Amino acid sequence: MKKQTFFAVSMMTVLLSAAVPVASMPAPAYADTQTQLAPEPMKKLAQLDKNVVEAAKQAMQKEAGSLPIELDEITAMNADCWVISAKDNRGEVLVTKKEGTVVSVHVNFKFSEVATDLQKTIISTLKSMDGTQAFTLDKVDRISSDVENSWVFTGENVTASIDATTGKLKVVSIKYTSHKMNPKVVDTAQKAMKALSNGKASALFPDVSLLKNSDYHLDQVWSFMDRDRTHSVFIGAKTGKVVSAINYNEFRDSNYVSDEDIPKVFAKPFYTKEKAIAAANPMVKKIFHMDLTGYNVSTKYNEYTFTKKGKPTVTASINKKGVFYDFTVTPENGMIN
């Protein structure tokens, strides 16, 4: 997905990737019955070209390593592709109907079946984030496609992923309940949520996530939402300070702008430097207790970046009406915590 805002969209991506660790295969999709008398019938595996089936098997075997792969049946389809599943719940491979080209591969592993270095990377990271828990990871998914190439680990209240090309950690999410957390952190989140919504936000959602994401420079942050899921606040786990806040109400319905339309809608800067500071400063003061006076301002479409030597950087985005709806504070060292 194209970069729409620094945090509102990217953090939502982080949250979604934590909540939905595996890029699921397409569900069956059939043509409109008004234009087609009958849906396309599901084929048997034996009806596919043997070379296509063999190529699909080899693609899965490549990712499965020493684990034996035997393709079993076609279990789903969409307009363009077949989903072929392997025996023993080892995963699926997606192939195009016309060319028989492999689009994506998904292989299921047990935690004990993956390489030791990957196991160590995940476990050591989890322990560094929370040394009080004995984490159990019971499922590992190897995903390979043009848009994703990763190992995804899941367990009770835990999701983590590693880049399969570099072997480096991508995302870690640990779920908690707010009543078991440090009351000071919860109080900080509540006050920030109230300021962000001008007192309109509902009570905090009871589930809270501790996130780590190297791609977005997140060292460790607590992710809070209100019960209506209309506001988000992120608290640095190490600093205890608010590092980001998002008001989704200001970027929905008539105010929503798609990725493709952003360059057109915001081709001309909405604000001058002075007016951008004047528009963003009240909320920045209330939520982050910072003052943007004297900051420099740069802009790209709807995203404004406020910088000042020796001070944290503030990145914020506006909707079509010029209302700032998401804010992120990044320390000089670049790591948000």
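An α-helix has 3.6 residues a turn, so residues three or four places apart point the same way. The model is a predicted one, in which local features need pLDDT of at least 70 and side-chain atom pairs count only at pLDDT 80 or more, whereas totals for chains, interfaces and linings use all residues. Residues are numbered from 1 along each chain as its sequence is written, and side-chain values use heavy atoms, with hydrogens and water left out.

Helix 4 comprises 14 residues, 183–196, and spans 20 Å from its first C-alpha to its last, close to the 20 Å expected at 1.5 Å a residue. At the start of helix 4, a side-chain oxygen of N182 comes to within 2.9 Å of the backbone nitrogen of K184. Just after helix 4, a positive phi of about 55° is found at N198.

Elsewhere, strand 5 (residues 137–145) runs antiparallel to strand 4, to which six bridges join it; pairing requires at least two DSSP bridges between two strands. D141 in strand 5 is the bridge partner of N108. Seven bridges pair strand 5 with strand 6 (residues 149–155), again in the antiparallel sense, and I143 stands opposite S150 in strand 6. A hairpin of three residues connects strand 5 to strand 6.

Conventions:
Helix = DSSP H or I, 4+ residues; strand = E, 2+ residues; numbered from the N terminus. Expected span 1.5 Å × (residues − 1). Polar contact = N/O pair within 3.5 Å; in protein donor to acceptor, adjacent residues only side chain to side chain.
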